[in-house]
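Welcome to the tour. Please have your viewer ready and follow the selections in order.

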Amino acid sequence: GTIPPRTDFQKFLGLLPELKIWKTIRLGLRKSSDEYRKAIEAAGYRIGDYASQILDKITIANTETEVDLARMTVAELGFKKTIRYDVICSRIIDIGGQIDESGEVGPALREQYPDQPYEWNAVAMKAIAGSDGGLGVFGVARDRAGLWLYTYGGTPGRLFDPGAHVVFLVPRK
């Protein structure tokens, strides 16, 4: 017989976490970064300064499409200590998830998650450079100030602790 791919064998052995769909959102509802900005602000949500900068650099889907998202802590991904962002992204791919290449998941999730509890979520995505050249990834949060679209540092070496939540794409079969 044939040898199964490494990740299939690891899943069989129970070494990789199971991907569970946390939320389904729609991409392509807005046609520009400005439309996202206006919709997010009209809903009373905040956009961090750096998030506003990288929002201008996302790629927006040409047609409306549904995508499934998973949400896991760094510990649930298998890391018991602080771990680098690039290693987290590699693990997501190993377990069958996908990194957001377009950057649209963050603003779309912010707009479509009005009932968010008090929590912070980093979006696993291809990092985007802001005006200072620093790399950022979107975060979607609720804190005492309300609902936010903001950024985390997105350099490969940026450390996340085991309790940090990461949101990523789950491919449809």
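Select Tyr 113 to begin: with a relative accessible area of 5%, Tyr 113 is buried (buried means under 20% relative accessible area, exposed over 50%, partly exposed in between, with a 1.4 Å probe and protein chains only). This is a predicted model, where local features need pLDDT of at least 70, side-chain atom pairs count only at pLDDT 80 or more, and totals for chains, interfaces and linings use all residues. Residues are numbered from 1 along each chain as its sequence is written, and side-chain values use heavy atoms, leaving out hydrogens and water.

Now zoom out to the whole structure, where a search finds 5 aromatic pairs (rings of Phe, Tyr and Trp, the latter by its six-membered ring, pair if their centres lie within 6.5 Å; planes under 30 degrees apart count as stacked, over 60 as edge-to-face and the rest as tilted). Trp 22 sits in the loop between α1 (6–12) and β1 (23–27), and Tyr 113 in the loop between α5 (105–111) and β5 (119–123), so the pair ties together parts 91 residues apart in sequence. Helices (H or I, at least four residues) and strands (E, at least two) are DSSP runs, numbered from the N terminus. Trp 22 is partly exposed, at 26% relative accessible area.

Next, select Tyr 150 and Tyr 152, a tilted aromatic pair with 5.3 Å centre to centre and 50° between the planes. Tyr 150 is buried at 16%, and Tyr 152 counts as buried at 14%.
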